[in-house]
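This report describes a protein chain, beginning with a pocket and continuing to the fold around it. The sequence and structure follow.

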Amino acid sequence: DFKFDLFVSHNSSDASWVKNVLLPELEERSQPPFKLCVYSRNWLAGRTISDCIIESLALSRKTLLLVTNAFAKSEWCQFEMTMAQHRLIATDNDNVLLAVMEDIEPMNLNPRLRLMMKRKIYLAWTDDPVGQLLFWKSLKQLL
């Protein structure tokens with residue numbers, strides 16, 4: 001039993017897109033609506049960030065890594081990715097989804113992220129409206 005369908009791991013610089021695009025699409029325009037966990041509204045003040053990350057992963061059926069250059073450079077995002085991979089190994093359940101939101105500069109690709117992007121099929125965001133429809137359809141099917 002999970003409290004959330006999806007934990008969204010993202011950099012704070014991408015919070016506006018998460019709040020204004022991702023959340024409305026998955027929580028309001030999906031039938032049935034999905035329950036998402038995002039740090040800006042689901043984490044309690046006063047707790048350690050690492051505890052919040054571990055709890056969010058445990059309470060969520062799947063984890064979405066929203067990969068941007070800012071994500072790739074962030075130590076906390078890398079920690080979330082590492083913990084999601086540890087959970088994958090511990091539960092033997094591949095519940096990690098990747099969404100690449102922009103071209104990632106080679107200098108921002110650490111070995112772990114590079115390997116994950118090579119081994120996993122991932123969703124790719126685009127500015128093309130038809131491509132965006134396919135992105136949403138694919139993401140909802142994965143959920």
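## The largest pocket

The largest pocket is lined by Q85, L88, I89, D94, R112, L115, M116, R119 and K120. A pocket here is an open set of points on a 1 Å grid over the protein atoms alone, where a 1.4 Å probe fits, with protein on both sides within 12 Å along at least five of seven lines; lining residues have an atom within 4 Å of a point. The space in this pocket is about 180 Å³, a volume being the space filled by probe spheres set on points joined across faces, edges and corners.

Helices α5 (75–91) and α6 (111–119) each supply at least two lining residues, and α6 gives the most, with 4. Helices (H or I, at least four residues) and strands (E, at least two) are DSSP runs, numbered from the N terminus. By class, the lining comprises 4 nonpolar, 1 polar and 4 charged residues; Ala, Val, Leu, Ile, Met, Phe, Trp, Tyr, Cys and Pro count as nonpolar, Asp, Glu, Lys and Arg as charged, and the others, Gly among them, as polar.

## Basis of the model

The model is predicted: local features need pLDDT of at least 70 and side-chain atom pairs pLDDT 80 or more, while totals for chains, interfaces and linings use all residues. Residues are numbered from 1 along each chain as its sequence is written, and side-chain values use heavy atoms, leaving out hydrogens and water.

## The sheet and its helix

An open sheet is formed by 5 strands in the order β2-β1-β3-β4-β5, with parallel pairing; strands pair if DSSP finds at least two bridges between them. At the edges, β2 (36–37) and β5 (123–124) each pair on one side only. Strands β1 (residues 4–9) and β3 (residues 60–67) run parallel and are joined by 5 bridges, and F4 stands opposite S60 in β3.

## The cis peptide bond

Q31 and P32 are joined by a cis peptide bond, with omega about -5°. P32 is found in the loop between α1 (15–28) and β2.
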